[in-house]
Amino acid sequence: MENKEKLENIPQEETVEEQTEKIDVVKGIEMLETALIESEKKLEAATKELEDTKNTFQRTLAEYDNYRKRSAKEREGIYADAYADCIQNLLPLLDNLGRASQFTESDQVAEGVKMILGTLPDILGKMNVSAFGAPGDTFDPEIHNAVMHVDDEQYGEGEIVEVFQCGYKYGDKIIRYAMVRVAN
């Protein structure tokens, strides 16, 4: 009986199909293991790329924040410099008005004020400010403010007859519109 049991424990020979099936399973497992290893490598590379991108983004964000702060500080400095330059150009006018106030005779005061008014266009010219809106000019609603209208045949269409307040501009920027009376 012992031999019979030994015979039963001897493995039966597998068929070719069974062996082929086992080989296919083993190959499939090997392919899955290879694919898993490749996927892990790709995941590791993608994780590294994501970390690099995150670091680049954070550096760019910090650089932009520094740029924004630096630009704001420069703007404040430019404004302060422009303000100081403007005041510096007006100081001679203030000095001359102080000197004129020391005179007591009306003729001397009038002459001093005329001289001071004569220096004002030069001061404004240094600051690139120009006056506009003189009688005889053509009315332009972009730079003139017509507060009165007169019908008079001796004046042309849209001609400025009288200037109540002169206009001023800095380059193309209007500082103050001219207040005028317009004909026809």
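Analyst: The expected span of a helix is 1.5 Å times one less than its number of residues. In this predicted model, helix α3 covers residues 106-126, which is 21 residues. From its first C-alpha to its last, α3 reaches 31 Å, close to the 30 Å expected at 1.5 Å a residue.

Within α3, the buried residues are Gly112, Ile116, Ile123 and Leu124. The cover over the buried residues of α3 includes α2 (16-100) together with β1 (129-132) and β4 (167-170). Just after the helix, Asn128 adopts a positive phi of about 60°.

Turning to side-chain interactions, the charged end of Lys169 is placed over the ring of Phe132, at 5.8 Å from the ring centre. As for pairs of aromatic rings, the structure contains one. Such a pair is described by the distance of the centres and the angle of the planes.

The cysteines complete the account. A disulfide requires a pair of cysteine sulfur atoms within 2.5 Å, and by this rule the count is zero. Cys86 takes part in no disulfide, since the nearest cysteine sulfur, that of Cys166, is 17 Å away. Seen from Cys166, the closest cysteine sulfur is that of Cys86, and the 17 Å between them is too far for a bond. In terms of accessibility, Cys86 counts as partly exposed because its relative accessibility is 29%. Cys166 is likewise partly exposed, with a relative accessible area of 27%.

Methods. Residues are numbered from 1 along each chain as its sequence is written. This is a predicted model: local features need pLDDT of at least 70, side-chain atom pairs count only at pLDDT 80 or more; totals for chains, interfaces and linings use all residues. Side-chain values use heavy atoms; hydrogens and water are left out. Buried means under 20% relative accessible area, exposed over 50%, partly exposed in between (1.4 Å probe, protein chains only). Helices (H or I, at least four residues) and strands (E, at least two) are DSSP runs, numbered from the N terminus. Contact means heavy atoms within 4.5 Å. Rings of Phe, Tyr and Trp (its six-membered ring) pair if their centres lie within 6.5 Å; planes under 30 degrees apart count as stacked, over 60 as edge-to-face and the rest as tilted. A charge sits over a ring if NZ of Lys or CZ of Arg is within 6 Å of the ring centre and within 35 degrees of the ring normal.
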